[in-house]
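Biologist: I have a model on screen and want to learn to read it. Where do we begin?

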Amino acid sequence: SDAYQSLTTGGAELSSAIGQLHLDYNDLAGGRPGTASFEPGVTSDPTANIAFRQTNLYGNLKLGPVLFHAVFRVSSTNLADSTAPMAAHGNDSQVSGEARYDLTRWGGKSSAGFAYTRLDRSLVNALVIDPTEELLPAGRTQLWTGYLLHTRDIGPLLKLSFGGTVGRNGVAVVAEPYFDLTLHLGSKSIAHLGVSSLFNTDVSDLMPDQMRAPDMIDNPVDRNQSTTTPYNQAPVLITQQGRQRTYMLGVRSSVSSRLKLNSAVYRHEVKDVTIQGTDPQTATFLNPNQLASGSATGVSETLQLDTGRNSSLRANAYVQHTTVQPATTFYNGNQPGLPAPMGLPYAPGVGLDLGFNVGGSDWTGTLVASALGRRTVATAEPMGDGTYCCSYIQVVNPVTSWNLFLHKQEGQIIFYAALYNVTKVSFYPGDPGRTTLVFGFQL
């Protein structure tokens with residue numbers, strides 16, 4: 001039978017004029033995620049179960065122009081079945097500290113910050129599961145990141161933002177630039193030209209979001225963000241030595257009060273990253289495929305149309321070309337013995353996402369149709385010594401999936417539900433197709 005998950009969360013927060021202190025706890029339980037042979041989500045085992053527990057304690061302190069932030073996090077994971085009560089097990093503890101200084105002077109606004117984190121890990125059988133720190137080696141790892149951002153107006157039509165990040169990822173010092181030039185094209189359109197990057201993704205919580213490169217893979221069919229798992233959401237994982245750099249030219253336009261457009265030409269480049277090979281909708285575990293490099297170059301168009309007082313329509317379409325250079329040998333899953341396809345996994349050449357929203361004063365509903373063109377998918381088999389063998393790359397046919405989301409508020413209680421793949425289409429060769437139901441409430 002199919003895998004299932006349940007998530008229990010809780011939290012508390014104290015606030016004052018100068019800061020906040022926050023505590024939260026996550027307890028994820030699941031059944032039938034896969035056997036101890038490390039094929040989660042592929043070979044379902046009625047006796048297998050997974051547990052993930054995480055506690056976060058963090059706080060902010062604002063003293064004049066300086067904002068301080070500190071984090072303490074502990075987490076544990078366990079994969080078990082009837083033959084191996086601890087088939088795979090991992091423990092993490094992380095301590096982080098950060099400070100950011102904001103200054104408005106010299107005709108603009110500047111932000112400078114420094115973040116440090118220390119991670120201690122122990123594991124059995126190289127269990128790979130989020131948080132992303134699990135991709136770092138066992139033992140102790142120390143990471144730091146510094147960043148600088150300056151934003152200023154250049155006349156009435158231009159705004160310039162520039163800066164960069166520098167840090168140590170545990171093995172080397174890395175530096176990446178940031179640049180964004182904003183041009184007002186009349187009163188209804190804005191153009192952006194810029195470059196952004198990602199590395200040391202778990203070190204800084206205060207870095208301005210605009211400095212972080214956007215998601216490289218936007219694939220709502222294979223990987224929807226709204227699952228029971230509030231982590232393990234990104235198909236591309238920036239590992240200890242990994243980085244991403246994105247170049248983008250975009251134009252945002254307000255055609256009318258009801259219609260908005262966002263057009264973009266982009267190029268994403270990655271180096272030394274891991275691509276997840278398991279769908280978080282049906283399995284908790286990662287099935288990592290290590291890439292030496294990869295890229296995606298394309299164009300996209302997003303349309304937002306208010307169709308009524310309580311309804312709207314959103315459409316996103318893109319066309320792109322992808323390439324990949326694997327860190328280990330890829331095997332052709334369609335025709336064994338021939339060279340493997342070299343497209344970036346889970347990044348289709350053509351994609352379309354169409355969503356319709358409708359709601360009332362205390363409820364909303366969204367129906368989404370997502371279509372993906374031909375694309376490559378990847379699986380990998382971890383070995384007992386922590387290494388990975390045999391990444392199989394397959395080209396799969398175009399597919400369209402329907403997803404339904406409901407959200408209802410009753411007093412202080414929020415109820416929500418999501419139904420993925422309503423029509424049970426098959427995403428991968430050998431996959432019979434399944435519908436996933438997620439529901440819950442929040443106090």
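Modeller: Begin with the surface. The protein exposes about 21,300 Å², and carbon and sulfur atoms supply 60% of that area. Accessible areas come from the Shrake-Rupley method with a 1.4 Å probe, and for residues only the protein chains shown count as cover.

Biologist: What should I know about the source?

Modeller: This is a predicted model: local features need pLDDT of at least 70, side-chain atom pairs count only at pLDDT 80 or more, and totals for chains, interfaces and linings use all residues. Residues are numbered from 1 along each chain as its sequence is written, and side-chain values use heavy atoms, with hydrogens and water left out.

Biologist: How many helices and strands does the protein have?

Modeller: Helices (H or I, at least four residues) and strands (E, at least two) are DSSP runs, numbered from the N terminus. Here there are zero helices and 22 strands.

Biologist: What percentage of the residues count as buried?

Modeller: Buried means under 20% relative accessible area, exposed over 50%, and partly exposed in between (1.4 Å probe, protein chains only). Of the 443 residues, 45% count as buried.

Biologist: Where is Trp 106 found? Is it buried or exposed?

Modeller: Trp 106 is in the loop between strand 5 (84-105) and strand 6 (108-124). Trp 106 counts as exposed because its relative accessibility is 59%.

Biologist: And where does Asn 421 lie?

Modeller: Asn 421 lies in the loop between strand 21 (413-420) and strand 22 (436-442). Asn 421 is buried, at 2% relative accessible area.
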